Amino acid sequence: MSNQSSYDVVVVGAGNAALCAAIAAREAGMTVLVLERGTEQKRGGNSYFTDGAIRFAYNDINDIRKLIPRLSDEEADKIVMPEYSTKDYYEDLMRVTGGKSTPALANHLVNESYQTISWMKKNGVEFELNYSNQSFEKEGQFHFWGGLPVKTHNIGMGLMMTLFARAEELGVDIWYGSRAIELKTENGKISSIVVVQNDQTIEVSASSAVLACGSFEANKEMRSEQIGEEWEAAIVRGTEYNTGDGLTMALALGAQKYGEWSGCHSIGTDYNAPKVGDFTKPGDIFKKHSYPLSIMLNKEGERFVDEGADFRNYTYAKYGREILKQPGHVAYQIYDQQVRPMLRKEYNLEEASYFKADTLEELVEKLPVNKEAFLNTIAEYNDAVEEGYYNPTVKDGKSTQGITPPKTNWALPIEQRPFYAFPVTCGITFSFGGVLVNTSSEVLNENSEPISGLFAAGETVGGIFYENYPGGSGLMSGAVFGKTAGTSAARYVESKNTNIPS
């Protein structure tokens, strides 16, 4: 730990967004300090827990190969890679957020995505094709779908190891066990930051600050107050340290509260997953995302969503909250042997909780549910399944008739033994409430004017995601606004030092 007590840029947080900010500021010649509230063993924020899928706009396989140079001609010839343009990305973002995403911020995310991911590669981040979750093999070729063909090598753990190594190589100072609690200003400009470290309070002089320490998803009281009382019961999928510190500090300086404070990203996760992210089990191993091939029932034996409404990329972030609304905050994903081999790899891990039986009656006997209603619902569903061609690689239109909710795609009768029930509950990833920034990542006050020297990135930024989000865009948003914040902070410090208006 450096003894330096004055920095050009102090970054609060140490996940993907924070380290992208730190690296960008350091590349611009700034002295940079990163404050990580966790220990070195629990560093990396929510980014450490991600499965590494990252959404960006690209033209074709050649754009992908620039990011993955080890991809051979032979391998590339077996890949069908549809274009995913900035228009496609923007439309996906707007579609899943009901048109609520702030256009300027959405455009910045989309338009800077490829440039930013290329910059990450230059800084050592390795990428690979997301074969297992985003492609299907057909006649010897791998067909990618859903605009999400790439993930970071060795998931979030690999991403964070690389970013930490790069930050340290560049000379960024990192303090662990260091919680920022207050921002101070002089003449309306950021001047210092108060930090609690080993029960001691110290003040670090700072010409600028970047808040990239998440939202308030790990704060039970704030979840209950902002999103709803039932959210006290949600499992925290990521770091336990994202308790809203950055937001609290920014709002105390007059920052504009922005975005969907009553909303969050949540998913269906294993009912027996840890209550907070377990750093000894990195990766997104507890999620249960093959539900489009299932039917999901609650304890009362009722279905409550259209499991086949869309590909999981576009529904998983909102279906978690639907599970939370169910009695006991639990639901059961039901599969038979027809689809069991098609399930994603997380269903085969030793951590996966499930029940298995040779008949539906035996299966239901093992579950704490309304047994008669459960069996009746499955029977009604089976009777409602229409004829048609079943194809999980496309929205096949193989649906049900005459039941509510319908199953719009991928409807197969549950009839081949053995039968499986995977219990799921709701896990919160991050809350959507944040502060307002502009496309330079400057934090804005109630009059939408920049607070001098204050920047934000990652989940601390509000206004991009509402109700839902396209999978992989959280990681990309963190990197885009992180890089922007670090670059803008450096530009601000330079202008301040030379008395040029920023």
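**Rings and their neighbours**

Mentor: Start with a charge over a ring: the charged end of arginine 312 sits over tyrosine 316, 4.4 Å from the ring centre. That label requires NZ of Lys or CZ of Arg within 6 Å of the ring centre and within 35 degrees of the ring normal. This is a predicted model, where local features need pLDDT of at least 70 and side-chain atom pairs count only at pLDDT 80 or more, while totals for chains, interfaces and linings use all residues. Residues are numbered from 1 along each chain as its sequence is written, and side-chain values use heavy atoms, with hydrogens and water left out.

Arginine 43 also lies over a ring face, that of phenylalanine 164, at 3.8 Å from the ring centre. Arginine 43 belongs to the loop between strand E2 (32-35) and helix H2 (61-67). Helices (H or I, at least four residues) and strands (E, at least two) are DSSP runs, numbered from the N terminus. Arginine 43 has a relative accessible area of 18%, so it counts as buried. The cut-offs are under 20% for buried, over 50% for exposed, and partly exposed in between, with a 1.4 Å probe and protein chains only. The side chain of arginine 43 also makes a polar contact with the side chain of tyrosine 176, at 2.6 Å. A polar contact is a pair of N or O atoms within 3.5 Å; within protein, one must be able to donate a hydrogen and the other to accept it, and residues adjacent in sequence count only if both atoms are side-chain atoms. Beyond four places in sequence, the contacts of arginine 43 include Tyr48, Phe164, Tyr176 and Phe279. Contact means heavy atoms within 4.5 Å.

Now ring against ring. The structure holds 28 aromatic pairs. In tyrosine 332 and phenylalanine 374, the ring centres are 6.2 Å apart and the planes are at 75°, so this pair is edge-to-face. Rings of Phe, Tyr and Trp (its six-membered ring) pair if their centres lie within 6.5 Å; planes under 30 degrees apart are stacked, over 60 edge-to-face, the rest tilted. Tyrosine 332 is in strand E16 (residues 331-336) and phenylalanine 374 in helix H12 (residues 371-384), so the pair ties together parts 42 residues apart in sequence. Tyrosine 332 is buried at 4% relative accessibility. Phenylalanine 374 is buried too, at 0%.

Another edge-to-face pair joins phenylalanine 465 and tyrosine 469: 5.0 Å centre to centre, 90° between the planes. Both residues, phenylalanine 465 and tyrosine 469, are buried. Elsewhere, Phe56, Tyr58, Tyr84, Tyr89 and Tyr114 form one aromatic cluster.

Back to tyrosine 332. Proline 423 is in contact with it, and also with Tyr271, Tyr354 and Phe355, among others outside four places in sequence. Proline 423 lies in strand E18 (residues 419-431). Its relative accessible area is 6%, so proline 423 is buried.

Finish with the backbone. Glutamate 467 has a positive phi of about 70° although it is not a glycine. It sits in the loop between strand E21 (450-456) and helix H13 (473-497). Glutamate 467 is partly exposed, at 31% relative accessible area. Most residues other than glycine have a negative phi, and most peptide bonds are trans. The bond from arginine 417 to proline 418 is cis, with omega about -5°. Proline 418 is in the loop between H12 and E18.
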